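Here is a short tour for anyone who likes to read a structure residue by residue. Please have the sequence and the model open as you go.

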Number of protein chains: 2
Amino acid sequence: MGNWKTYSLERLLCPRSIAVIGANEKTSYAGKTLRNLIGNEFPGSIYPVNPTHSEVFGMKCYPSVTAIGEKVDLAIIIVKAHLVVDTIRECIDCGVGGILVITAGFRELDPVHGAEREAEIRALAEQSGVPVVGPNCIGFANIYNDMWACGISELPKHPLPKGNAAIISQSGAAGFGPLLSIARDRKIGLKYIISTGNESVLNICDYLEYCLDDPDIRAVSMLIEGLKDTERFMELARKARRLGKTLVVIKSGESEVGQRAAKSHTASMTGNMALFNAMTKQFGIIKADDYEELVVLAGMAQQENALKTRRVCVVSHSGGVSGCTGNQLGKRGFEVPVFSQETREHIDTYLKGFGSPNNPLDLTGQMRSPNLPDILLTAEKNEGVGAFVISSHGSGERFENILNAIRQVRVPVYFCWTGSMNSTESIGKLLDLNVPLSFSIQKMAVMLDKMVTSFESRASVEETGAVQTAAVLPDRCGMLNEPDAKQILENAGVAVPRRWMIDRREELPGIWGQVPEGKKCVLKIVSKTIIHKTDIGGVKLKIGSLEELEKAYDELAALREQNNEISGFVLEEMCEDGLDLVAGIRRDEQFGPVLMLGIGGIYTELFKLISIRILPMGRNEIESMIDEVPGLKSLLSGYRGHCGYDREALVSAVVALSDLVASAKDRVTLLEINPLRVLDKGKGVCALDCVAELK
Amino acid sequence: MGNWKTYSLERLLCPRSIAVIGANEKTSYAGKTLRNLIGNEFPGSIYPVNPTHSEVFGMKCYPSVTAIGEKVDLAIIIVKAHLVVDTIRECIDCGVGGILVITAGFRELDPVHGAEREAEIRALAEQSGVPVVGPNCIGFANIYNDMWACGISELPKHPLPKGNAAIISQSGAAGFGPLLSIARDRKIGLKYIISTGNESVLNICDYLEYCLDDPDIRAVSMLIEGLKDTERFMELARKARRLGKTLVVIKSGESEVGQRAAKSHTASMTGNMALFNAMTKQFGIIKADDYEELVVLAGMAQQENALKTRRVCVVSHSGGVSGCTGNQLGKRGFEVPVFSQETREHIDTYLKGFGSPNNPLDLTGQMRSPNLPDILLTAEKNEGVGAFVISSHGSGERFENILNAIRQVRVPVYFCWTGSMNSTESIGKLLDLNVPLSFSIQKMAVMLDKMVTSFESRASVEETGAVQTAAVLPDRCGMLNEPDAKQILENAGVAVPRRWMIDRREELPGIWGQVPEGKKCVLKIVSKTIIHKTDIGGVKLKIGSLEELEKAYDELAALREQNNEISGFVLEEMCEDGLDLVAGIRRDEQFGPVLMLGIGGIYTELFKLISIRILPMGRNEIESMIDEVPGLKSLLSGYRGHCGYDREALVSAVVALSDLVASAKDRVTLLEINPLRVLDKGKGVCALDCVAELK
């Protein structure tokens, strides 16, 4: 766990009294914020503060926060930017519980002076322990408390039901704009909406941690523009996983993936967006593709009976539409189990030969008949029907039959609305039953898949245990030569070829005598700096006799005469054929140590046949990583008549690498095995070449 | 062009008089159909027909269609299934112009007797030339004529504006259900909606052709469950491309891709769904992923000023939202060009340092100010702003400023609505300006990308010209042996290795004398049936002398002793190194001849490094095919220090294959070159091995 400072956010986010500093009745942020507090009937005390007013919206207006004469829980500051720091100081002095700075005009407008002011704000917060939201944000809402401390216009009264999810957004305009609209339209219950602003003091991770600690919260949606502390975020993602709480994120800035200096495969193929994606997959975080998914998935995942299996019953009034729904789900790995004969016969007593009494159900006119509850209850009895996915629409009396059926079934119901979006009455009734709804069959299938995948992923993960042994690393730093790098691997339990260091020609006969009869060898130069040894002719393959060894040695010795980067020679036994992979670890500034596994050869980069994980990880994550490298599972299990390769040894080698890095703390900045040869089943793996850098 | 029978659909689809046979006032299909005709104020004559009624909905009801005493244009039949054939006969006898059979209970209910009745219907239509829609369909609508001949409930009066698009659906419940709802909600103008039913007579291609011939129609959306005549569909797709009309399709049944017997790579990797996808891409048909795309894209593509470039100006009231919009577009290849300094300075006179005066525009409060028209008109002056993509929302007076700006700009405007879906008044005003709208930024970006990609694809295609030379093919049929297959290639102009057929050992010295000094050769068995010659030891590589040749010959001759499938031997010059591809043609039952090009080796199937096209195709389609094979473009142009391969020769070889198949009509059922080796730049290609089957 990190050692970040945690503020108490109780009084800030659940205040009983609020001062609005800079209060007025205009259509300014201040006026809007006051209107929203009043309009939503905030049940605590509201104290407008403004030295130039005596009354605001019929309430007494105080000349200063000090003049209130009470320790208010939350002070909302909406004064000019240059007055903010002094106002914060005054607020702290008179004992406020937390501060929200809506005022803009800091870092985002003036990178020098704005940042200085933010540093002052941070210093005040740290000295006092009083938490500050913003500056430059829209505010936040606590729906349970009817507290809407946000400077937006046109907020209706009580726009959202209470629920078990929270939205945290680094874009205030998105959070209190489209995200709030979607939650309203879908009647999705929330507890908090928080816009984080410039994050001078509290950042997105602080709010996330607060939400994870809140027993009311089961799902948190986050709009992320940039993470200041990715390692802390990952720690919280692990915590969410332990607590069974669902995280949904959307990340902006995806099209600007930065190019990095390509010191190795591992570095060039594990850019930031790739790592962010790997992180979400690894921790079972749902990655939303648009605002609708971000909000609706939080609504779906917060439900206590949310679908966790992949077996569903599809229901429609139309064969075409139920077929389309079944297809969209089937494409994404859902099962639409066949019903028992008994079920089919019973349902057919209603259908009388029309439509289909099997799953997916095509109920024709029976969809909106009083028989629907009995039909769905009959279908539900079939083993493994984990949910109903209904694609239909309707209105009036006949639609009540659908609502009745939904009320009676036990499993969750997901509804694809196939009628007009403007059927607000019927849609409203469905939403009042807490039925997740989409206007697109495909979108519903995508969302169900993302939700179930996240549940599956989190259920399958074991927490990584303590590493058994400390890594044995040399003391020196910087790039190592190949034999030293291989020594690290060998110490960690990753097999390397048997090898002999050679200093002088005279040693050759003695060394060759140790090579087993019939084994071919390879002679290579040793160098810390020359990574592509083959390119300069520094590798001699298939040496089968002392004479060949001597000839090869002489050629390499001649090479050393001209190249003082060559420090010596190493003779290695050649390895039998196998499947060549590349396995690399590098230390990312943001994500810490990351591991890449991929299919080797010149096509690795071209075809991106790789998988990436953030370390540490457990053995079954390594298994899933192997399954994720395109084609690797098939190749390992025996492709086109091959007997198959030693998958188990590969897993153990990756575990060893992962443990090595974990136990070596931050010292390993780069470790790339290329190729890592996987031999035939039962024969293990062998690291044929290796590059390492220590710090 | 095909030689299918074309009915005249004028009286059917644009009737002036309609008989409804089986008319009643109930909530049956008949009652609903009559209500929809009357409710939409069909301007022609309506004749209810039912022998048991004298009056229906206040109109005189006729005992039979004959009793009407007039040649009605359209007869809608909604009688019991067993009466349909006789009713059709009577309709034909009294001179109706076209027939719509809504009645169900044919093939779909009873595969034997239902199909027989459909055959009778087809025979009647063919004899008389009277076109029949259905049976088992919902009907159709001609929006221009206010004619809604469809048996659905709850259809409001004049649900859609007139427009320049049509919807043809093989699922009536989808076509007159969700598709119609989406068109209504988005106020998308249409001319026709047609549900095709069982297609006993008219099929989806007939309606498509009719729409293509209709000068009012610029876009056609089709929901396809199954194509009976794919070649005709492709012919019509070519026609649409020539006419500049846009096709949008959605195909159901995608998750059940049939597995075929894998006689070759080409067969196993070009299954039906893959071919369908290849076809849409090749002909610039837009493939919709959901009902929204299917309908909204028809609405977008039918507009005369539809976006055809990739340079757009993004506009929002919020930086977060405009950034998200820019990203979603940027990810899909759109450009958001930087504005001139003059533009930025001018816009900044309104923004006064807040927001961003550059593209993507973050207009903060100015978004809904009276200055918006001037801001957008200034932005529009920048070179290459082909459209505005606005992400915003609003209401009341301030929203009028947005509407005013949209009215004044010249380029098309696309709107991502970031507010509540229930803001029907504002949304309605936008739609009345014919502004395409989505509730998801991502969806809008996806749709714009699909539309522009389709335009680009169609603009880049040249029609394939006449093939120069007829293919020289042997007369025999079935599988050919390798030398015969290579002879076909050589005749077509695809280079093959120099080779010598060998019958007897005595020929060896004479043949070896013809091999150039220093050339290595390969000796192979010849067989029509043994395709994997290496597997049985039937290939001897790297033969460098007469002695080696004689030794190799003796070994293969011994093999022939045991295997009577071996008919002889062939000596070939070995080819220098290059990039090994696989190029194959097979004749698909549905799509006709198809060509697959892919990267060779064992990974071809595993990683699907292929591209597929339907033949014939032009040279620049072949270029785009090469660019589409994952990684191939990079490999050809010189990857990792390689000098690059002979791309031009590869294109010529594929052109030759394409021409060969085109000129050979249907005779080539399989032709697979594996490997097709592409040599270094300027050195050509060489077909190292080949399998062929003729018919």
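Is K520(B) buried, partly exposed or exposed? With a relative accessible area of 43%, K520(B) is partly exposed. Here buried means under 20% relative accessible area, exposed means over 50%, and partly exposed lies in between, with a 1.4 Å probe and protein chains only as cover.

A word on the ground rules. This is a predicted model, in which local features need pLDDT of at least 70 and side-chain atom pairs count only at pLDDT 80 or more, while totals for chains, interfaces and linings use all residues. Residues are numbered from 1 along each chain as its sequence is written, chains are lettered from A and ligands numbered from 1 in the order in which they are written, and side-chain values use heavy atoms, with hydrogens and water left out.

**The two chains**

Chain A has 23 helices and 30 strands; these are DSSP runs numbered from the N terminus, with helices (H or I) of at least four residues and strands (E) of at least two. Its C-alpha trace spans about 100 × 80 × 35 Å along the principal axes. Of the 695 residues of chain A, 60% count as buried.

**A charged patch**

Back to K520(B), which sits in the loop between α18 (508-512) and β22 (521-526) of chain B. Together with K542(B), K520(A) and K542(A), K520(B) forms a patch of positive charge on the surface. Patch members have over 30% relative accessible area and no salt bridge, and like charges are joined within 9 Å. The place of a Lys charge is taken as NZ.

**Salt bridges**

Over all chains, the whole structure holds 91 salt bridges, each being a side-chain nitrogen of Lys or Arg within 4 Å of a carboxyl oxygen of Asp or Glu. Three of them are set out here.

| Pair | N to O distance |
|---|---|
| K486(A) and E572(A) | 2.5 Å |
| R613(A) and E628(A) | 3.0 Å |
| E400(B) and K429(B) | 2.9 Å |

K486(A) lies in helix α17 (residues 482-492) of chain A and E572(A) in strand β24 (residues 568-573) of chain A, so the pair ties together parts that are 86 residues apart in sequence. Both K486(A) and E572(A) are buried. They also belong to a network of salt bridges that links E482(A), K486(A), K524(A), K533(A), E572(A) and D689(A).

In chain B, E400(B) is partly exposed at 26% relative accessibility, and K429(B) is partly exposed at 31%.

**One more loop**

R476(B) lies in the loop between α16 (441-460) and β20 (478-479) of chain B. At 38% relative accessibility, R476(B) counts as partly exposed.

Conventions. Patch = residues over 30% accessible without salt bridge, like charges linked within 9 Å, V, L, I, M, F, W, Y side chains within 5 Å. Areas by Shrake-Rupley, 256 points an atom, 1.4 Å probe, with all protein chains shown as cover. Lys, Arg positive; Asp, Glu negative; His and termini not counted.
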